[in-house]
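Colleague: Hi, could you walk me through this one? I'd like to start with the annotated site and then look at some helices.

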Amino acid sequence: MIPKVFKEVIDLGDGREISIETGKLAKQAHGSVVVKSGKCMLLCTLVSNYKQSDVDFLPLTVDYREKFAAAGRYPGGFFKREARPSDGEVLTMRLVDRVLRPLFPKDYHAETQVMIQLMSHDPEVMPEAMAGLAASAAIQLSDVPFETPISEARVGRINGEFIINPTRAQLEESDIDMMIGASADSVMMVEGEMLEISEEEMAEAIKFAHEAIKVQCAAQVRLAEAFGKKETREYEGEREDEAVEQRVKALTYDKVYAVAKQASAKHERSAAFDAIKEEVKASFTEEELEDFGDLVSKYFYKAEKAAIRDLTLNEGLRLDGRKTDEIRPIWCEVDYLPSTHGSSIFTRGETQALATVTLGTSREANQIDMPSFEGEERFYLHYNFPPFSTGEARPLRGTSRREVGHGNLAQRALKNMVPSDCPYTVRVVSEILESNGSSSMATVCAGTMALMDAGVQLKKPVSGIAMGLITDVESGKYAVLSDILGDEDHLGDMDFKVTGTADGITACQMDIKVKGLSYEILVNALKQARDGRLHILGLITDTISEPNTDVKEHSPKMITRRIPNEFIGALIGPGGKVIQEMQKETGTTIVINEDPVTEEGIVEILGVGNEGIAAVQAKIDSILFKPQVGSVYEVKVIKMLDFGAVVEYLEAPGNEVLLHVSELAWERTENVSDVVNMGDVFDVKYFGTDPKTRKEKVSRKAILPKPEGYVARPPRERDDRKPRDNRGRDNRRDDRKPREKRD
């Protein structure tokens, strides 16, 4: 039976379109769609259990995978099978998860899995830009409770013109690369990198993307109606008890308000809140706690959140006593670790990041091998968040998605400030040693200082700040919070991180929880963030005002040279013998790459000591040496022969040539040693390759004055130029005498 297929098409302009269809694939999933643009096809499925899980949160899993077969390729490595997700896939999962999660009901706790798979790849289409659309469309076709359709769009800008879902080639020319997630009514997520744009330009990019998202949301509604929108499933929600809620609020609100109003440190404040919670519980009998103890905890946190938010909105005060635009105390230090190539400490309040920089060759570049993209990163940043940073003890289970996401944000903030002609591969590692509010922004600040300490010539220093927002829809009040604490991150309506130089924004990440946030509030928040960034930037530059002029004494120095491709083989030698011996003798690392554009070899020479680098350069000069016809060169005798002397060019050691005995002097020379001896240094003139002997010819006598009365010997004449064989004998057999037979 031929399946009935339902389809909607979205026009992107410029002849491009996105289609969403359902009814053909994965029909046992609760919702499934195929999203297609060009030759790129994503299959997205949704399954959500009908039984609620025994947890107090939504166990949602968003999984995005790119199949190598989609690009006609084999997975790399020994096992030819897709394994753990790449960082690129993890970042796409996070982009989708952050928009979907807030739109499920708060009391919906069923195990839910969204799986998005790249089934066909188109080099002109970046699939992650359609992942959010695919996920939302699959949910709309199911009976899972979900507030409203959403979508995500990528926006770029070339020559002042915005583009929706640009190609990878277009992104290379763009000064903006942002992903925006939104419903038809509200922007919910923003993440991206920019080339020092203004706050107003960023808001304009968000508006442009939102208009495209509205069209994509409408297409999902039409598809669901055509398919036959299912009734939302019934599920057993969380218990509610208004009497218990009011009782807990009456016991909690004022006490929490009073504690929050006192300026206290994180652990003191947490202990005080815990004490209040225990008092509230103690006011209930054991029977009551047995009946609705879970509600007591739930309503306590609700009252706690309300009290802290009201304190900020009513009095402009925060948990640690700061004003809304005040930054916590900051101290910085560089060159803290003696053996690293660069290091720094950035401490802001109770958040601390220790950053290190390591310099290497192109061999240390971070290789990216995905079906949708192959390449390498010569600058990359890794972020580590150990449990002790928050005073916890928990098992380490590899790099978390959060660590990948925070590291990527800091990398995007800094990467465009690293000069394109930086010869090194640069790795920055941020170790979070304390955390209470935006360790990713502390990473940006620490990374900036560590790079400058390492001698990387940053174009401009970069700082970052995490901002919060608290709003009251009824009263119209709102408060923008600079440099938020960890607690403020959870209770606010917007968490946004902004990085930039003194001249503009370089990266951002926003999660907006309030519906219908006005662009006026957004721009005001971004401007307050700019003031905070500049304040932090001033403290950074007070610690280290500009990059060190050179790398540290123990750091590797690097020289990059270009050589004609024809000399690469000579530099490597048979079986790598020449290059291996050079590295061993000089204590350097030599890497050779080919530039397909210029058809040249790029030679990277890395070494701690300048002597070793100089020795390698001299060897390369020797290999590249080509004497010019008619030029005079200084040479040294390195070998004596009966018919001449072997001499070595002093400016290119290792390059040898035979100086024939006849070219030593104008006078007839019987013995070579009558004119020159081992180790003698003198000048010779280069005549190129002799066409008769096919050997290079140099002459000492050519640059000496002729002796007075010198007469050149006339060339020997041959009678009637008889044809001769290759031994100089007469070839005409009738002139030869018969060979006598031997006895």
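Colleague: Which residues does the UniProt annotation "binding site" cover?

Modeller: According to the unreviewed UniProt entry, Asp489 and Asp495. UniProt positions are given in the numbering used here, feature names are shortened, and annotations may be inferred rather than shown by experiment. This is a predicted model, where local features need pLDDT of at least 70 and side-chain atom pairs count only at pLDDT 80 or more, while totals for chains, interfaces and linings use all residues. Residues are numbered from 1 along each chain as its sequence is written, and side-chain values use heavy atoms, with hydrogens and water left out.

Colleague: Thanks! Is Asp495 buried or exposed?

Modeller: Asp495 is buried, at 7% relative accessibility. Buried means under 20% relative accessible area, exposed over 50%, and partly exposed in between (1.4 Å probe, protein chains only).

Colleague: And what is the relative accessible area of Asp489?

Modeller: Asp489 has 26%, so it counts as partly exposed.

Colleague: Where do they sit, then?

Modeller: Asp489 is in helix H10 (residues 486–491), and Asp495 is in strand S20 (residues 494–501). Helices (H or I, at least four residues) and strands (E, at least two) are DSSP runs, numbered from the N terminus.

Colleague: What does Asp489 touch?

Modeller: Leaving aside residues up to four places away in sequence, Asp489 touches Ile484, Asp495 and Lys513. Contact means heavy atoms within 4.5 Å. With that same exclusion of residues up to four places away, the contacts of Asp495 include Met467, Ile484 and Asp489.

Colleague: Changing topic: how many residues of helix H2 are buried?

Modeller: 10 of the 10 residues of H2 (residues 131–140) are buried, so this helix is largely enclosed by the rest of the structure.

Colleague: Which residues make the contact of H5 with H6?

Modeller: From H5, Val248, Leu251, Thr252, Lys255, Val256, Val259 and Ala260 meet Ala272, Phe273, Ile276, Glu279 and Val280 of H6. The contact residues divide into nine nonpolar, one polar and two charged. Here Ala, Val, Leu, Ile, Met, Phe, Trp, Tyr, Cys and Pro count as nonpolar, Asp, Glu, Lys and Arg as charged, and the others, Gly among them, as polar.

Colleague: At what angle do the axes of H5 and H6 cross?

Modeller: Roughly 160 degrees, with the axes of H5 (residues 242–261) and H6 (residues 266–282) coming within 10 Å. That makes H5 roughly antiparallel to H6. Angles under 35 degrees count as roughly parallel, over 145 as roughly antiparallel, 65 to 115 as roughly perpendicular and the rest as oblique. Axes are lines fitted to C-alpha atoms, for helices over the stretch in contact, and angles run from 0 to 180 degrees between N-to-C directions.
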